[in-house]
Amino acid sequence: MQDAVQNSNNNSTRRDWLKTTALAGAAVLAGKSGQAEPLYSAVAPAARRIPIAVSTYSYWHFQEQKYPVEKVIEDAARLGFDGVEILHRQMDNETIPYMNKLKRLAFDNGLALPMLSIHQSFVQPKAEDRKKDVEHTIRCINMSTQMGIPAIRMNTGSWRTVKRDARYYKDGQEPPIQGYTDQDAIKWCIDSMGECLVAAEKAGVVLAIENHWGLSSNIDYLLEIYKPLASSPAMGMNVDTGNFVGDPYPQFERLAPFATIVQAKTYYGGGHYYDLDLDYKRIAAILRKANFKGYISLEMEGKEDPTVAVPKSLKLFREVFS
């Protein structure tokens, strides 16, 4: 009986202590106002920084001697880029050890590999020729999977009926091969892209069609190809700021809502093929309006030494896309 009384007294003492402690804590939280405040105050989320990659093309421009992809990755890490876009034609080979080497090098340097830029053309009258480029694209999808790259840059292709000179880049005019029409080419692109999308969906790789001259110089044509395929989870769009005929901004504004990734060109030292003076503050505003959240990938296409022009371009992009 005595033990029971003692236990009861102990329990009462504990209850009194817990009650007193809780009241004291509430008083501290209430402060001078006498109203309790939450233990954790709400903190506004930090503004998300748009990730910026650099294309290996920025260092090469299809010169006779290839610029090593490895050197671009190491330089990108040193400069503070977030990723490296790999140009397929700039790779030394397509072996698994080489691809694994690039993937590991990027990982060790804290860089993403957001896109593999490849070339193909579906603007070819012969079905067997289009089939070869479909097979090439599927091979590149497998390469992207091996390297952990989530997107591939896709081209429509072109008729190749005019010389690629300054006039071509200014007006983009390219008549079809005799006996065919642009509508024929649009159908070939839709059908061929559709075949590629079957493989891309299985691999989880996005096929990002680009305004890359040829048929896609006409933005209406580009959208005519893109929209029937847009229901595929593997369909995307790569919008290139430098590949517009005429006033780029209204056209860029039309494509921005569909953009998966943006290739942004600079021309320090004068362009290799043509010059543009792009207003990147205006471009950044268009992307913000479109709620774009993906990668900006630098394509420095000027004649200036890339070791000088690439850092300049990154500085500009960090300022305007922040």
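Modeller: Ser 297 lies in strand β8, residues 296–300. This is a predicted model: local features need pLDDT of at least 70, side-chain atom pairs count only at pLDDT 80 or more, and totals for chains, interfaces and linings use all residues. Residues are numbered from 1 along each chain as its sequence is written, and side-chain values use heavy atoms, with hydrogens and water left out.

Biologist: Why is Ser 297 called buried?

Modeller: Buried means under 20% relative accessible area, exposed over 50%, partly exposed in between (1.4 Å probe, protein chains only). Ser 297 has 0%, so it is buried. Across the protein, 47% of the 322 residues are buried.

Biologist: Which residues does Ser 297 contact, beyond its neighbours within four places in sequence?

Modeller: Contact means heavy atoms within 4.5 Å. The partners of Ser 297 include Ala 53, Glu 85, Val 262 and Gln 263.

Biologist: Where is Gln 263, and why is that residue called buried?

Modeller: Gln 263 sits in strand β7, residues 261–266. Its relative accessible area is 0%, so Gln 263 counts as buried. Beyond neighbours within four places, its contacts include Arg 153, Asp 240, Ser 297 and Glu 299. Glu 299 is 36 residues away in sequence, yet 6.4 Å from Gln 263, C-alpha to C-alpha.

Biologist: What makes a set of residues a nonpolar core?

Modeller: Its members are buried Ala, Val, Leu, Ile, Met, Phe, Trp, Tyr and Cys residues, joined through side-chain atoms within 4.5 Å. The largest such core here has 85 residues. Ile 86, Ile 296 and Phe 321 have the most contacts inside it. Helix α6, residues 182–203, gives the largest share of this core, nine residues. Among the contacts of Phe 321, neighbours within four places aside, are Ile 50, Tyr 280 and Ile 296.

Biologist: Why are α2 and α3 called roughly parallel?

Modeller: Axes are lines fitted to C-alpha atoms, for helices over the stretch in contact; angles run from 0 to 180 degrees between N-to-C directions. Under 35 degrees counts as roughly parallel, over 145 as roughly antiparallel, 65 to 115 as roughly perpendicular, the rest as oblique. Helix α2 (residues 69–79) and helix α3 (residues 96–108) cross at roughly 10°, their axes coming within 10 Å. Therefore α2 is roughly parallel to α3.

Biologist: Which α2 residues meet α3?

Modeller: Val 69, Glu 70, Ile 73 and Glu 74 do. Their partners in α3 include Tyr 98 and Lys 101.

Terms used
Helix = DSSP H or I, 4+ residues; strand = E, 2+ residues; numbered from the N terminus.
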